[in-house]
Amino acid sequence: MRQTNFALALLVAAVLAACGGSKGGDQTLKAQYSGQVTFGDSLSDVGTYAVGGVAALGGGKFTINGNSVAVKPEFTGKTWTELLAAQFGLAAPCAAQTGLDGNAAQNFSVPVMNHAGCFGYAQGGARVTHPVGPNNKLTGSPLGHLTVPVSTQIASHLAKVNGAFKGTEIVFVLAGGNDALMQLGQLAAGATAAGTAAGNAAAANTFATRLISLLAAGATSPSAAAQAIGIAFQTEAARPGSTQASMVGAAIGAAAVQPGNAAVGAPAVHGPMIATATADATAAGNTAGAAAGAQYAATNGPLAVAAMATAGAELGALVKTQIVAKGATRVVVNALPDLSISPSALAQPAATQGLIKAMIEAFNNQLKTAIAAEAKVLYVDLYTVSRDQAANPGPYGLSNTTTPACGANALGASSLVCNVNNLGAGDVSHYMFADDVHPTPFEHLLIARYVAAQMTIKGWL
């Protein structure tokens, strides 16, 4: 394993040197392409949302925004696709579509505009085929991200270029992360609902049982008293408009009239009983809720893995039938990096991290299988590289692979509006992650160099 790590690091280092060093040099690579076309999501978005309130906050890309090389040479504000365009001697890529469909009061409602000369179709929040991704207005987000899926991005490009690629452009594809995030969000929502329902039921049952037992304990006949108190409690519970306070009151009233139990009517006596029943109910509810939530996740987790496999197969089919079959001759398809090593995933239980890993692997396996026979497609294994970086950061020049570089900002800690004015403490220039899932400019540089290395091996550079 150590040899594999070392080889990957050496490969990146070699291409870094060949392409102008680790600071993002501007030497042009030998191959020339007529243009660059990019399909995907936030990892390749060059400014779809760099408008309105987002632009006003100094953001627009999902990284550390802005050309701030005077602060740190690594703070270029550029994504991997921009870096490669420069290396190819091409004009800087621009967003094919810009706009926001969110809250007008927050300046997140900006008319959608399509730009004829721009071929950067990747959009933050975009999924493979589903139109609703993270921060789309239909999720309730005030940002109103457009989240045009890759399938539509490709169709839009074909409509723009009369239905066919020239065959002289370089085409980049990187997507699927938002399919994983949406699947995880749905799974979490379902687990929370299941846990809440089970927890509430267990808490209610425990509270009633424990309170009735405590209230009846001082009676001459505790068993007879418990039966009478229970009937009073249940009768009140069945009454429309009843509350827990009214149910407790009915139980106390029934308890106080039982032989030998008058003292329980005093607050000083029944108050501690209510507190004990409440504490026991809370503990029982938490235990039952956690178990039900875990069981829901265990039952439905495989469905999320299967959904990711489907998304991977769909992306592979799009590459074959809508890109290669439409004339593209140089198509770089990137595997999804491993989201299970991201700060977002590391904050989750080990079981959730394992599920995320399985989801990403299912996607990548299906994607790779779908395009395996395509000579005009280069599959770049960013999954393995990302895992190697996390396990062996030193040779890559990474100083931190677990902590976001961005600090608190107007959108929480989102890289979309992250810039040098709201970074975390210390030197974060060589961090792997800008926020909980998105790369820093330095990590984008590593991605660009690794893609270039694979293109060189393929003979495309």
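Trainee: Is Ser151 buried, partly exposed or exposed?

Mentor: This is a predicted model, in which local features need pLDDT of at least 70, side-chain atom pairs count only at pLDDT 80 or more, and totals for chains, interfaces and linings use all residues. Residues are numbered from 1 along each chain as its sequence is written, and side-chain values use heavy atoms, with hydrogens and water left out. Buried means under 20% relative accessible area, exposed over 50%, and partly exposed in between, with a 1.4 Å probe and protein chains only. Ser151 has a relative accessible area of 22%, so its class is partly exposed.

Trainee: In which helix does Ser151 lie, and which residues does Ser151 contact beyond its neighbours within four places in sequence?

Mentor: Helices (H or I, at least four residues) and strands (E, at least two) are DSSP runs, numbered from the N terminus. On that basis, Ser151 belongs to helix α4. Contact means heavy atoms within 4.5 Å. With neighbours within four places set aside, the partners of Ser151 are Val128, Thr129 and Leu318.

Trainee: How far apart in space are Ser151 and Glu314, C-alpha to C-alpha?

Mentor: Along the sequence, 163 residues separate Ser151 and Glu314. In space, their C-alpha to C-alpha distance is 9.0 Å.

Trainee: Which residues of α4 are buried, and why can they be said to line one face of the helix?

Mentor: Helix α4 covers residues 150-160, and its buried residues are Val150, Gln153, Ile154, His157 and Leu158. Seen down the helix axis, these buried residues line one face of α4 because they fall within an arc of 135 degrees. The arc is that of the directions from the helix axis to the C-beta atoms. The elements against which the buried residues of α4 pack are β1 (36-40) and α8 (267-324).

Trainee: What is the phi of Asn107?

Mentor: Asn107 is found in the loop between β2 (97-101) and β3 (109-114). Asn107 is partly exposed, at a relative accessible area of 37%. Its phi is positive, in a residue other than glycine, and is near 65 degrees.

Trainee: Which residues does Val112 touch, not counting those up to four places away in sequence?

Mentor: Val112 is placed in strand β3 and counts as partly exposed at 44% relative accessibility. Not counting residues up to four places away, Val112 touches Gln97, Thr98, Gly99 and Leu146.

Trainee: How far apart in space are Gly241 and Arg127, C-alpha to C-alpha?

Mentor: Gly241 is found in the loop between α6 (222-238) and α7 (244-256), and counts as exposed at 64% relative accessibility. Gly241 and Arg127 are 114 residues apart in sequence, and their C-alpha separation is 46 Å.

Trainee: By what distance are the C-alpha atoms of Thr282 and Thr384 separated?

Mentor: Thr282 is found in helix α8 and is partly exposed, with a relative accessible area of 43%. Along the chain, Thr282 and Thr384 are 102 residues apart, and their C-alpha atoms are separated by 44 Å.

Trainee: How many helices and strands does the protein have, and what is its radius of gyration?

Mentor: The secondary structure comes to 12 helices and 6 strands. The globule rule, 2.2 Å times the number of residues to the power 0.38, is compared with a radius of gyration taken over C-alpha atoms. For 461 residues the rule gives 23 Å, and the protein is well over that value, so it is more spread out than a compact globule, with a radius of gyration of 29 Å.

Trainee: What percentage of the residues count as buried, and what are the spans of the C-alpha trace?

Mentor: Of the 461 residues of the protein, 50% count as buried. Along its principal axes, the C-alpha trace spans about 100 × 45 × 45 Å.
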